[in-house]
Amino acid sequence: MDIKIPVIRSSMPPFEKYVEKISGLWQSRHLTNAGALHEQLAKKLEGYLEADHVSLFTNGHLALQLGIQALELSGEVITTPFTFASTTQAIVQNGLKPVFCDIDPVRFTIDPSKIEALITQQTSAIVAVHVYGIPCDTDGIETIAKKHGLKVIYDAAHAFGVRYMDKPIAQYGDYSMFSFHATKVFHTVEGGGATYSDATLKAKLHSMRDFGLVGEDVAYVGTNAKMSEFHAAMGLCNLDEVDEAIAKRKAASERYDARLNGIRGLQLFPQIEGLVRSYSYYPVVISEEFGKDRDEVAAMLKEQGILARKYFYPLTSAFSSYQGQFAPGDTPVAQKIARQVLCLPMYADLTSKDIDTVCNALLAR
Ligand SMILES: *Cc1c(COP(=O)(O)O)cnc(C)c1O
């Protein structure tokens, strides 16, 4: 079957604009290692995300992995299994033990009422995810963290441009990671950023992303996670267009809502007070009353050339790479949502006609 409507489609800036942005590189030959475009992008993102500090990386995953290393966490980390592989891997790759907490059935983010029972002498942090750009219950999480002296890290890969309770999402917790992967609302092809307010983290992170180098010495067991000038140039171009892209996504999301709201068996994006969205995904949770289950719906859409994604399924705690280490049944809400959720096509230039095609196919059950 030919794919007629993909699940995502990367935004592209005007070609000439990108060419102009990179043209100086043939003169400067400064292609990576914090070049001029890299520095410009970091500055502009500090403004856009309203963060004290932004550091750029090769990708979001390494921004998260190095953040965990820089914060010197140890032992156990309480986290969610309802996320992309990256979140759990960043914890495990640091030699730490993920302790999976169940999620809230409405927000799909970590359920603060279930965190305290999981805290032990070894717990050093909470790594939570603003999944689909739905903000975590930040008050709930941060109250517990403060009481127990835990660090709070947010995987904000889906939350670029989100505001919550009159604050930009980057201002919550000790550290947030944003993914600038080609599939995300704002992208640098591959890329990622970290936001934080502790100024002492900056030199450490910048050393760690460059093999741990500090002058001639190597002070950390780092890695290579630097963003190149070509990627930064893409970011500078896309940043100029991101507000327009978000406005288009909003219109697309509202068109879906108009067709799907009130349909029995479909749970849509939650209404959350104080939330300003950036419409990164359009998740629907499909329960029995709908008449067809999630897998049947996905197959039915695929037959018509429409790609929807089982995102996130399976839970990270069910991956074969961790076989025998975790019990996915310990997080029953997450397990249920993972079986029922489907992300419908969502991108800035998704047309009204395509949305109607998706909704017609979905509702023809
Ligand atoms: C995309 C994503 C990441 C990883 O970001 P990359 O930039 O692809 O490395 C991490 N967590 C979540 C939830 C993501 O969606």
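Helices (H or I, at least four residues) and strands (E, at least two) are DSSP runs, numbered from the N terminus. The model is predicted, so that local features need pLDDT of at least 70 and side-chain atom pairs count only at pLDDT 80 or more, while totals for chains, interfaces and linings use all residues. Residues are numbered from 1 along each chain as its sequence is written, and side-chain values use heavy atoms, with hydrogens and water left out.

Helix H3 spans residues 36–48 and is followed by Glu-50, whose phi is positive, near 55 degrees. Buried residues (under 20% relative accessible area, 1.4 Å probe, protein chains only; exposed is over 50%, partly exposed in between) of H3 are Leu-37, His-38, Leu-41, Ala-42, Leu-45 and Glu-46. These residues pack (contact: heavy atoms within 4.5 Å) against elements including helix H1 (15–23), strand E1 (53–57) and helix H8 (229–260).

Three strands form an open sheet in the order E12-E14-E15 with antiparallel pairing, where pairing requires at least two DSSP bridges between two strands. Strands E12 (266–267) and E15 (341–344) are the edges, each pairing on one side only. E12 and E14 (residues 282–286) are joined by two bridges, and Val-285 in E14 is the bridge partner of Gln-267.

Aromatic pairs (ring centres of Phe, Tyr and Trp, the latter by its six-membered ring, within 6.5 Å; planes under 30 degrees apart stacked, over 60 edge-to-face, the rest tilted) number 20. Phe-319 and Tyr-322 are stacked, at 6.3 Å centre to centre and 15 degrees between the planes. The pair Tyr-322 and Phe-326 is edge-to-face because the ring centres lie 5.6 Å apart with planes at 70 degrees.

Terms used: Expected span 1.5 Å × (residues − 1).
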